[in-house]
2 protein chains.
Amino acid sequence: MQHNLEQTISLLSRTPAALNALLRDLPEGWTSRNEGDNTMSAFDVVGHLINGERTNWMPRARMILQFGEAREFEPFDRWKQIRDSQGKSLGQLLDEFARLRSESLNDLRALNLRPEDLERRGRHPALGVVTLSELLATWAAHDLTHLHQISRIMAHQYREAVGPWSVNLGVLKCTGHSSP
Amino acid sequence: MQHNLEQTISLLSRTPAALNALLRDLPEGWTSRNEGDNTMSAFDVVGHLINGERTNWMPRARMILQFGEAREFEPFDRWKQIRDSQGKSLGQLLDEFARLRSESLNDLRALNLRPEDLERRGRHPALGVVTLSELLATWAAHDLTHLHQISRIMAHQYREAVGPWSVNLGVLKCTGHSSP
């Protein structure tokens, strides 16, 4: 499937409500546990998504439009959200993510991007030349990789509890890792 | 984490709203495409979850309580929902899943299961002896395996569109398969 801006926006606009419906007021046994050392809990993932809204997606889109390949993106500090989320509740993080995402999408729509804008290029510090189209498609796929990760983290908590059914549950065999 | 009935119910009660928030009115490019021959689309997965409510979870729980190990579960026909979903819209399937899940959970609560009931045993046609506790934990993990699968199916549609970022997106590397 080719990248389609309206399709991307339609997905991006749904993620906060989907995470809200799944996670809000869920017992902490599901939301605060992780998959072992140096892994994220569902709580941590929501913090990471907030951090992405603040420092990654729209800031990089603006940088492509303003500087093109002349200026590299700022590297993304994926552990920053651990510090920023301290002392907050999951409900607060879900509210914050919904608000920031809504603002990001308002800003994105206000750019009135034309097809030729989507082909404009920027420079990623590790991946090299990328297009605005690729950045926006990645924003949507990044939501999906973290929904995928959250479902895997939560299923992991019942790894023993499911007994012999573990052999039938694909989520317990997933070795995909969700780098931001 | 040990199986905890309230924790299981709290997850099971949220899945229909989470899928609704994610999928309702999303462009068909996201919801009707699959990952290749003999794989499911997001639409197919919702049909599969409906089929599970009808023929799998509560019917098997009742069978354990009524017959114990004396009677094997009916095998689960995982392609039945393909036939049952024909001609329906995704919105109709989401409504049907929400209604059936709500009924299932009312039935489950009405059983007033005690800790000793959860240790009762039944017989799975392929996996052998299983407990009611394992069946109920699997019901929750099965929701999660299909949320995991849906996010992977949808991300697959942007596999090319994300360009060089594909190396960073764990969901595109997932080889876990989601058997029912």
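## B:Gln7 at the chain boundary

B:Gln7 sits in helix H1 of chain B. The model is predicted. The relative accessible area of B:Gln7 is 11%. B:Gln7 counts as buried because that value falls under the 20% cut-off.

What does B:Gln7 touch, leaving aside its neighbours within four places in sequence? The partners in chain A are A:Pro27, A:Gly29, A:Trp30 and A:Tyr158. From chain B comes B:Met1.

## Extent of the interface

The size of an interface is often given as the accessible area lost when the parts come together. Here, chain B and chain A bury about 5200 Å² between them. Carbon and sulfur atoms carry 69% of that area. In chain B, the residues that lose the most area to chain A are B:Met1, B:Tyr158 and B:Trp165. Together they make up 16% of what that side buries.

By residue count, the contact draws 63 residues from chain B and 63 residues from chain A.

## Polar links across the interface

How many salt bridges cross between chain B and chain A? The rule finds zero. Polar contacts are a separate matter: 18 residue pairs make them across this interface, both residues at pLDDT 80 or more.

## The chain B side

Which elements give two or more residues to the side of chain B that touches chain A? They are helix H1 (5-23), helix H2 (28-31), strand E2 (128-131) and helix H8 (132-156) of chain B. H1 is also the helix that holds B:Gln7. The largest share comes from H8(B), with 16 residues.

By residue class, this side of chain B divides into 31 nonpolar, 24 polar and eight charged residues.

## A stacked tryptophan pair in chain A

Over all chains, the structure holds four aromatic pairs. One of them joins A:Trp57 and A:Trp139.

Definitions and conventions
Residues are numbered from 1 along each chain as its sequence is written. Chains are lettered from A and ligands numbered from 1 in the order in which they are written. This is a predicted model: local features need pLDDT of at least 70, side-chain atom pairs count only at pLDDT 80 or more; totals for chains, interfaces and linings use all residues. Side-chain values use heavy atoms; hydrogens and water are left out. Contact means heavy atoms within 4.5 Å. Buried area is the accessible area (1.4 Å probe) that two parts lose on being put together, summed over both. A salt bridge is a side-chain nitrogen of Lys or Arg within 4 Å of a carboxyl oxygen of Asp or Glu. A polar contact is a pair of N or O atoms within 3.5 Å; within protein, one must be able to donate a hydrogen and the other to accept it, and residues adjacent in sequence count only if both atoms are side-chain atoms. Helices (H or I, at least four residues) and strands (E, at least two) are DSSP runs, numbered from the N terminus. Ala, Val, Leu, Ile, Met, Phe, Trp, Tyr, Cys and Pro count as nonpolar, Asp, Glu, Lys and Arg as charged, and the others, Gly among them, as polar. Rings of Phe, Tyr and Trp (its six-membered ring) pair if their centres lie within 6.5 Å; planes under 30 degrees apart count as stacked, over 60 as edge-to-face and the rest as tilted. Buried means under 20% relative accessible area, exposed over 50%, partly exposed in between (1.4 Å probe, protein chains only).
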